[in-house]
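Me: I am new to this structure. Please start with the terms and the origin of the model, then take my questions.

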Amino acid sequence: MKTIALGAAGLGRAFSLMAPTLAGDARVRLVAGADPRAEARRRFEGDFGGRAYATLEELCADAGVDAVYVATPHQHHAAHAIAAAAAGKHILVEKPMALSLDECAAMSAAARSHGVHLIVGHSHSFDAPIALTRKIIQTGAYGRLRMITAVNFTDFLYRPRRPEELDTARGGGVVFNQAAHHVDIARLLAGGRVRSVRAHTGAWDAARPTEGAYSALLAFEDGTFASLVYSGYARFDSDELCDWIGEGGQRKDPNAYGAARRLLSGDEMALKNARNYGGPAFAAAGADLLHQHFGLLIASCERAELRPMPHGVMIYADAERRLEPLAAPKVQRAEVIDELHAAIVEGKPPRHDGEWGAATLEACLAILRSSREGREIALPSPTASRT
């Protein structure tokens with residue numbers, strides 16, 4: 001089996017969530033990493049025995065790297081992905097793909113011109129329970145998909161943040177960060193083209209001056225519609241509706257209410273760096289994890305409703321209620337490596353390519369615009385047609 005030599009650009013929060021996958025999947029070898037923080041580079045060298053660089057340019061110049069995982073802050077995704085493509089490296093870029101459709105187009109153009117693959121992920125549309133839900137829908141056994149209801153309440157806004165993470169113009173807030181998951185999931189399940197978006201957003205804490213909540217209605221060309229609701233204000237926790245299994249597949253303590261707000265005091269950048277990869281408070285993912293999820297989701301078909309969960313998909317049909325089970329994952333997020341390996345090694349076009357990522361960003365930008373302008377936003381762009 002051919003393995004992919006991967007270099008990670010950015011050893012922060014996103015990397016720490018993907019690191020167990022990159023370490024545990026034999027189809028990739030994490031051979032290099034780049035980050036301006038010396039403590040992150042030292043931790044990387046100790047954990048992976050790879051080469052550590054202070055800059056992306058040094059990473060891209062490494063002839064032993066086949067592909068670059070771009071996990072840098074959102075505002076740098078476009079420039080860093082384009083630089084990787086110019087160096088002849090395949091690209092796995094974190095969501096959101098970029099901050100504008102022009103940036104997305106430039107990234108895809110760079111990948112095409114240099115003959116490399118571009119994949120956007122991880123997003124929760126990769127999750128095995130979502131893939132199983134899509135498979136059940138596509139069998140037609142329960143009729144057509146008609147409606148999606150997705151709700152997620154978290155403490156997102158009260159985790160330690162860099163200044164730009166609280167600035168919408170620089171990619172901050174829950175629309176760029178979290179709606180990218182919601183929209184990706186809805187598009188994967190519904191297929192077809194997002195025809196229009198009507199949305200409201202909430203920014204209710206002057207000390208955290210960006211969107212902390214949204215409610216969006218997505219209409220698809222075939223008549224399917226999706227209602228997406230998210231709040232990151234650290235009060236109700238929708239993991240209560242998922243048997244206290246967290247987004248990462250971990251079991252949570254329901255008595256830890258209010259922990260995010262209590263811990264958010266003092267120097268916020270110091271808190272963030274301490275919890276980031278290589279910091280003194282960094283904690284690696286635990287063992288015995290179930291599949292990841294993104295809150296409560298119900299896919300309403302003509303003859304059944306489907307609910308993806310961390311251990312399978314619940315099917316609520318006319319005369320039955322049953323679980324279509326999934327075994328616990330050996331390696332979480334392995335579905336990302338499935339797509340990356342198939343593209344690079346087998347030449348199979350990835351589903352989550354640049355066109356896909358741009359279509360998801362287009363819907364997220366429409367959420368912001370609809371809320372700002374107080375009206376429905378039509379999406380005529382061809383980028384939204386990717387299924």
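Reply: Two strands pair if DSSP finds at least two bridges between them. Strands (E, at least two residues) and helices (H or I, at least four residues) are DSSP runs, numbered from the N terminus. Residues are numbered from 1 along each chain as its sequence is written, and side-chain values use heavy atoms, with hydrogens and water left out. Local features need pLDDT of at least 70, side-chain atom pairs count only at pLDDT 80 or more, and totals for chains, interfaces and linings use all residues, since this is a predicted model.

Me: Which residue of β9 stands opposite S196?
Reply: Strand β8 (residues 194-202) pairs with β9 in the antiparallel sense over eight bridges. Strand β8 also pairs with β15, over two antiparallel bridges, and there the bridge partner of S196 is A378. In β9, the residue opposite S196 is A219.

Me: Which residue takes a positive phi in the hairpin of β9 and β10?
Reply: β9 and strand β10 (residues 225-231) pair in the antiparallel sense over seven bridges, one of them between A216 and L228. Four residues lie between the strands of this hairpin. The residue there with a positive phi, near 100 degrees, is G223.

Me: Is strand β9 mostly covered or mostly uncovered?
Reply: Buried means under 20% relative accessible area, exposed over 50%, and partly exposed in between (1.4 Å probe, protein chains only). Strand β9 spans residues 213-220, and six of its eight residues are buried. The strand is mostly covered.

Me: How many residues lie between β13 and β14 in their hairpin?
Reply: Strand β12 (residues 304-309) pairs with strand β13 (residues 312-317) in the antiparallel sense over six bridges, and a hairpin of two residues joins them. Strand β13 then runs antiparallel to strand β14 (residues 321-325), with five bridges. V313 has E324 as its bridge partner in β14. The number of residues between β13 and β14 is three.

Me: What caps the N-terminal end of α11?
Reply: Helix α11 (residues 354-373) has 20 residues, of which 14 are buried. A polar contact is a pair of N or O atoms within 3.5 Å; within protein, one must be able to donate a hydrogen and the other to accept it, and residues adjacent in sequence count only if both atoms are side-chain atoms. At the N-terminal end of α11, a side-chain oxygen lies 3.2 Å from the backbone nitrogen of E355. That oxygen belongs to the capping residue, D353.

Me: Is H293 buried or exposed?
Reply: H293 sits in the loop between α9 (268-275) and β11. Its side chain reaches the backbone oxygen of G246 at 3.1 Å, and a polar atom of that side chain lies 2.9 Å from the backbone nitrogen of G295. Because its relative accessibility is 5%, H293 counts as buried.

Me: Which residue's backbone nitrogen does the side chain of D253 reach?
Reply: D253 lies in the loop between β10 and α8 (259-263). Its relative accessibility is 47%, so D253 counts as partly exposed. At 2.9 Å, its side chain reaches the backbone nitrogen of N255.

Note on methods. The expected span of a helix is 1.5 Å times one less than its number of residues.
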